[in-house]
Amino acid sequence: MKYIPLIIILLLILAILVLIFYGVYRVKRFSRQLFGTDDILQGVKKAQEDLSTTPRSVSAMTRIALPQIVSDFPDFEYNEMKQRAENALMQYFEAVTAQDVTILQEGNEDLKEQLRSQIRALVSQEKWEHFTQVKIHQTEIARYRKEAGRCIVTFQSAVESFHYVTDAAHAVVRGSDHILEQSRYNIDLVYIQNRDLAKGNTDGALGITCPNCGAPITNLGAKFCEYCGAGVVELNVHAWSFENIEEA
């Protein structure tokens, strides 16, 4: 009888050991299924590394949107505009990093004011935002829309970079300066067809007519009226310009 308490203690220890070994087995099994390795910490680290080096997918609507754009604007050069969009994005990153608006050349006044606001906010907080070793993996048209005298082509880029924010003591307070970040950015390319509509019309109707005969202009990029042949170049008060950049 005097050995019963000892036996009970041994059985409890054995039960605890069984539970521990079973728990370890379950964790290893879970880690193996999820990460392909028995070491869950190593698996999590590998998953983080894979996430930091795998480009984000973009909304690729180029095949659908481009024919619509070319129908409206026969002179639209896709490859040129895509390169300009990537240039605008890279310039934007460089301007934010240097806190210098003059670096941004590919953009209208709205985009430059957006950049100024972002820089002012950083300066007021004594923060510096950094984009380094930037690489653009892919750029596609994500959307094409018409609204209030304007036509907007939205490009979307998959971006890889070291993206982080430092404080006045140069300490990293957001992001990482040694782990890559994969992200997506939208770049809006805007064509203002009619300045009055763009400023005052909110119903999305273009309503553009020939200044000579009053016939509707169905081809938004037309240089001449298809009914009377009169020039309509004066309607095109602005060329294509980049108006907005934001993380998607």
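Is glutamate 147 buried, partly exposed or exposed? Glutamate 147 is partly exposed, with a relative accessible area of 32%, where buried means under 20% relative accessible area, exposed means over 50%, and partly exposed lies in between (1.4 Å probe, protein chains only). The answer is read from a predicted model, in which local features need a pLDDT of at least 70 and side-chain atom pairs count only at pLDDT 80 or more, while totals for chains, interfaces and linings use all residues. Residues are numbered from 1 along each chain as its sequence is written, and side-chain values use heavy atoms, with hydrogens and water left out.

The pLDDT, which is the predictor's confidence in each residue on a scale from 0 to 100, averages 83 over the protein chain, and 76% of the residues score at least 70. Over residues 200-207 the pLDDT stays under 50, and the model has 13 contacts for this stretch beyond four places in sequence, a contact being heavy atoms within 4.5 Å. The pLDDT is also below 50 over residues 234-238, a stretch with 17 contacts in the model beyond near neighbours in sequence.

The secondary structure of the protein chain comes to 6 helices and 5 strands, these being DSSP runs numbered from the N terminus (helices H or I, at least four residues; strands E, at least two). From the N terminus on, the elements run α-α-α-α-α-β-β-β-β-α-β. Of the 248 residues of the protein chain, 37% count as buried, and among contacts with a separation of 6 or more, 62% are made by residues 24 or more positions apart.

Helix 4 covers residues 78-98, and its end C-alpha atoms are 30 Å apart, in agreement with the 30 Å that its 21 residues should span at 1.5 Å a residue; the expected span is 1.5 Å times one less than the number of residues. The buried residues of helix 4 include Tyr78, Met81, Arg84, Glu86, Tyr92 and Phe93. Among the elements that cover the buried residues of helix 4 are helix 3 (62-72), helix 5 (109-124), strand 1 (128-147) and strand 5 (241-247). Glutamine 99, which follows helix 4, has a positive phi, near 55 degrees.

Side chains of opposite charge can pair when their charged atoms come close. A search of the whole structure finds 9 salt bridges, each a side-chain nitrogen of Lys or Arg within 4 Å of a carboxyl oxygen of Asp or Glu. One of them joins the side chains of lysine 146 and aspartate 72, at 2.9 Å from N to O. Because lysine 146 lies in strand 1 and aspartate 72 in helix 3, this pair ties together parts that are 74 residues apart in sequence. Lysine 146 counts as partly exposed at 41% relative accessibility, whereas aspartate 72 counts as buried at 8%.

Arginine 116 is partly exposed at 26% relative accessibility, and glutamate 113 is partly exposed at 34%.

Glutamate 147, with which the account began, forms a salt bridge with arginine 150, the closest N and O atoms being 3.7 Å apart. Arginine 150 is buried, with a relative accessible area of 14%. Salt bridges that share partners join Arg145, Glu147, Arg150, Asp188 and Glu243 into one network.
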